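Hi,

Here's the structure I said I'd pass on.

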Amino acid sequence: MSERHVTSGDWETQGSACSAIRKVVFIEEQNVPKAEEWDGRDPQCLHFLLHVDDRAVGTARLLPDGHIGRVAILEEARGQGLGLHLMEATLVAAREAGHHAVHLDAQTYAIPFYERLGFTAHGNEFLDANIPHYHMSLHFQ
């Protein structure tokens, strides 16, 4: 069985590996424009890397206002429950940072994934990088 763990840190320490994953998933696979992907907010975020053995296969970021974003898992690592592992670590860090709720913008196909974690969709569907999304929130008990 593979060893999996999540590390977190600032953009200076995590950015190179996070960038590589986001480039593949968002820019190459989903055709997100580079200018939208690299929004300038990374230096103010806490970044997460999901490792399987010694390879980084997933990433997410937590903004200072409690928004979670840029959640991405490399294609070869999808469907193994690794996204849940990554998000659980992100949620623990958000709670430890004092957030009472977290928010994210989910691609519509991913809504059931986030609902399993306790998120609730709200508002109307909208396009972000020409991909349908919904706002979702999770309030901590």
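Below is what turned up, starting with the pocket and then moving on to some aromatic rings.

One thing to keep in mind: this is a predicted model.

The largest pocket holds about 960 Å³ of space. It is lined by 40 residues, and the closest to its centre are Phe26, Arg70, Val71, Gln107 and Tyr114. If you sort the lining by class, you get 19 nonpolar, nine polar and 12 charged residues.

Which element gives the most to that lining? Strand 4 does, with six residues. Several other elements each supply at least two residues, among them helix 1 (11–29), helix 3 (82–96), strand 5 (101–107) and strand 7 (131–139). Helix 4 (111–116) is also one of the elements that supply at least two.

Now go back to Tyr114, one of the residues closest to the pocket centre. The structure holds two aromatic pairs. In one, Phe113 and Tyr114 sit edge-to-face, 4.9 Å centre to centre with 75° between the planes. In the other, the ring centres of Tyr114 and Phe119 are 5.8 Å apart; the planes are at 75°, which is over 60, so this pair is edge-to-face as well. Put together, Phe113, Tyr114 and Phe119 make up one aromatic cluster.

Cheers

Note on methods
Residues numbered from 1 in each chain as written. Predicted model: local features only at pLDDT ≥ 70, side-chain atom pairs only at ≥ 80, totals over all residues. Heavy atoms only, no water. 1 Å grid on protein atoms, 1.4 Å probe; cavity = no way out; pocket = protein on both sides within 12 Å on 5 of 7 lines; lining within 4 Å. Points joined across faces, edges and corners; volume = space filled by probe spheres on them. Helix = DSSP H or I, 4+ residues; strand = E, 2+ residues; numbered from the N terminus. Nonpolar A, V, L, I, M, F, W, Y, C, P; charged D, E, K, R; others polar. Phe/Tyr/Trp six-rings, centres within 6.5 Å; stacked < 30°, edge-to-face > 60°.
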